Amino acid sequence: MYSLSESGSIYTNDKIGPEIYRMQIKLPLTAQKARAGQFIHVKINDSSRILRRPISISGAYPESGIVEIIYRVVGPGTENMSKMKTGDFLDILGPLGKPFELPVENSIAVGGGVGIAPILFLSRQSKENLLTVVIGGRNEEEVFWKDLFPEKVKKVVVTTDDGSYGIKGYSVAVLPEILKDGNTKKMYVCGPLPMMKKAVEIADNSNVECEVSLERRMGCGTGTCLACVCNKVNGGHAKVCSDGPVFKSSEVIL
């Protein structure tokens with residue numbers, strides 16, 4: 001795992017959804033190395049907040065040196081981030097963690113909530129016309145993500161719980177129909193745990209290889225403190241920050 005400490009200036013920090021912000025940071029070294037599925041560990045500019053915040057990378061642009069994150073305001077730390085302005089500086093560690101394998105032909109990526117962020121990065125790093133994306137939200141306001149995906153994805157399928165946009169229902173409900181032709185080679189999943197469990201179950205029933213990106217509270221972010229362990233299928237534990245956050249679904253217990 002390659003990682004570094006880098007201080008970067010904020011280029012943009014805009015609200016793009018319900019309590020959701022997109023921040024672009026000038027981090028030229030990180031932008032060169034980042035891969036889909038990895039995260040940065042952000043030091044909050046508040047002396048009362050000791051621990052860094054792990055936030056998935058949603059995009060990296062080596063030419064401009066920009067790294068993009070999309071985060072939800074869930075507490076004082078991320079609220080502090082949401083108030084930062086262009087030109088403010090952040091201290092980060094990254095890119096951290098094990099990334100996704102890049103998509104092959106007839107791959108599907110399923111995302112929910114801010115778990116869509118690493119799926120977005122995956123779609124940006126994928127080759128053209130390989131990846132079908134499935135995203136879901138409670139209502140139309142929560143599926144703003146649909147407009148962020150690049151044109152090179154094969155298709156974007158959108159579901160909403162209330163039917164206000166796209167297909168009514170949960171995102172995983174459309175998977176059996178997509179998988180029934182037997183052509184899908186790989187699935188990627190990131191989002192709320194119940195959604196991930198169901199998606200993996202459907203992938204297993206269809207004999208489709210699946211990678212999952214796990215979310216955990218983290219301390220060090222580098223595999224030292226053991227605050228983010230998960231259970232492995234064959235016994236023992238894995239460190240989500242350094243052994244993951246991306247795992248084969250057959251390796252870990254969700």
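Helices (H or I, at least four residues) and strands (E, at least two) are DSSP runs, numbered from the N terminus. I'm writing that down before anything else.

**Ground rules.** I'm looking at a predicted model, where local features need pLDDT of at least 70, side-chain atom pairs count only at pLDDT 80 or more, and totals for chains, interfaces and linings use all residues. Residues are numbered from 1 along each chain as its sequence is written, and side-chain values use heavy atoms, with hydrogens and water left out.

**Two cis bonds.** I looked up Pro245 and found it in the loop between strand 14 (237-239) and strand 15 (246-248). The peptide bond joining Gly244 and Pro245 is cis, with omega about 10°. There is also a cis peptide bond between Gly94 and Pro95, with omega about -10°. Pro95 sits in strand 6 (residues 89-96).

**Whole chain.** I get 5 helices and 15 strands in the protein chain. For 254 residues, a compact globule would have a radius of gyration near 18 Å, and the protein chain's 17 Å agrees with that. My note on the method: the radius is taken over C-alpha atoms, and the globule rule is 2.2 Å times the number of residues to the power 0.38. The C-alpha atoms fill a box of roughly 50 × 45 × 35 Å along the principal axes.

**Burial and contacts.** I count a residue as buried under 20% relative accessible area, exposed over 50%, and partly exposed in between (1.4 Å probe, protein chains only). By that rule, 51% of the 254 residues are buried. Contact means heavy atoms within 4.5 Å. Taking contacts between residues at least 6 apart in sequence, I see that 62% join residues at least 24 apart.

**Domains.** The bounds come from an automatic or database domain assignment, which gives domain 1 (3-94) and domain 2 (105-212). Their contact takes 19 residues from domain 1 and 14 residues from domain 2. The C-alpha centres of domain 1 and domain 2 lie 24 Å apart.

**Helix 3.** Is this helix enclosed or open? I find 8 of the 10 residues of helix 3 (residues 116-125) buried, so the helix is largely enclosed by the rest of the structure. Among the buried ones are Ile116, Pro118, Leu120 and Phe121. The cover over the buried residues of helix 3 includes strand 4 (53-61), strand 5 (66-72), strand 7, strand 8 (131-137) and strand 11 (186-190).

**Met195.** I went to helix 5 (residues 193-205) next, where Met195 lies. Met195 is buried, with a relative accessible area of 12%. What does Met195 touch, leaving out residues up to four places away in sequence? I list Val110, Gly111, Gly112, Ser171, Val172, Val189 and Cys190. I also checked Ala173, 22 residues from Met195 along the chain: their C-alpha atoms are separated by 9.9 Å.

**Positive phi.** Glu19 has phi near 60°, a positive value in a residue other than glycine. I place Glu19 in the loop between strand 1 (4-17) and strand 2 (20-26). Its relative accessibility is 39%, so Glu19 counts as partly exposed. Asn106 isn't a glycine either, yet its phi is positive at about 60°. I find Asn106 in the loop between strand 6 and strand 7 (107-112).
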